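I opened the notebook to look up ring contacts and strand pairing. My entries follow.

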Amino acid sequence: KHRKQLTLAFFCALTSFCVSQATLDEGYLNWSLTQAETIAQSTYQDGKVGSRVLLAWTGIDTRVLKTERAQNYKLRATWFTPEVIRGSARAAQLRSRLSADETRKLVAEAETAGNTVIMVEIDPNQGSGVIPDDWEAFLQPHGNTNPEAAIRGKDNSDLRKVRALQGVRQRNYDYDRFWMVFPLLDDKGKALLPPEAVEVDLVVRIYNREGTVQWTVPPSVHTLVSQLQVKRATP
């Protein structure tokens with residue numbers, strides 16, 4: 001309980017103020033541009049898919065010298081939580097002079113039922129600029145050691161057209177963008193991010209290398225999961 005309180009305090013500090021459910025419902029339409037942009041960028045993380053491969057039998061950490069593939073990959077990720085979607089939509093409203101109804105439609109368009117979206121940006125470094133088609137992304141509770149607890153993401157390139165899922169940061173064209181969709185419930189309605197999950201990791205695997213970025217799970221995500229479970233259980 002104490003750890004959850006500290007985590008919530010950290011998240012509130014990260015976004016400048018704590019976003020209540022009531023604020024998410026309609027209050028986001030009153031956010032200033034500064035507030036909207038701060039919240040829209042609050043889940044942005046950067047990292048790297050490693051440049052070294054460990055030879056376990058020798059303990060030697062050595063660089064891969066093959067030139068047909070990159071030695072490492074720069075990694076960026078933005079998790080479109082409910083508040084990040086609303087921050088992005090509100091920023092779009094203020095910039096493009098949209099009505100409240102048009103802004104609500106941006107939010108509704110971005111929220112895919114039963115899923116959460118992470119925009120993953122990858123820039124190959126030190127070698128070939130090709131990103132293999134079979135790269136993978138997983139969302140899992142922080143510290144997870146059970147492969148079955150990892151949620152596999154699915155790329156949906158159509159989401160690049162959804163304005164509230166484009167983010168508010170200036171685009172860096174060195175990075176290729178991917179919109180990875182992760183289900184929040186399994187086929188039986190079980191939460192794939194359990195209520196006790198305080199932190200989550202995004203694990204990106206390219207060839208035999210992995211990179212990880214980490215987030216604190218905001219209360220809005222657990223609320224969304226609960227709402228989806230109630231909806232799934234309702235005849």
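**Rings and strands**

I looked up Tyr28 first: at 3% relative accessibility it counts as buried, where buried means under 20% relative accessible area, exposed over 50% and partly exposed in between, with a 1.4 Å probe and protein chains only. Trp31 is buried too, with a relative accessible area of 3%.

I noted the basis. This is a predicted model, with pLDDT of at least 70 needed for local features and 80 or more for side-chain atom pairs, while totals for chains, interfaces and linings use all residues. Numbering runs from 1 along each chain as its sequence is written, and side-chain values use heavy atoms, without hydrogens and water.

I searched the whole structure for aromatic pairs and found three. Rings of Phe, Tyr and Trp (its six-membered ring) pair if their centres lie within 6.5 Å; planes under 30 degrees apart are stacked, over 60 edge-to-face, the rest tilted. Tyr28 and Trp31 have ring centres 6.3 Å apart and planes at 70 degrees, so they are edge-to-face. Trp135 and Phe178 are also edge-to-face, because their centres are 4.9 Å apart and their planes at 65 degrees. Trp135 lies in the loop between β5 (115-125) and β6, and Phe178 in strand β9 (residues 176-183), so this pair ties together parts 43 residues apart in sequence. Both Trp135 and Phe178 are buried.

I turned to β6 (residues 136-141). Strands are DSSP runs of E, at least two residues, numbered from the N terminus. Five of the six residues of β6 are buried. β6 pairs with β10 (residues 199-206) in the antiparallel sense over six bridges; pairing needs at least two DSSP bridges. Pro141 stands opposite Val200 in β10.

Key
Helices (H or I, at least four residues) and strands (E, at least two) are DSSP runs, numbered from the N terminus.
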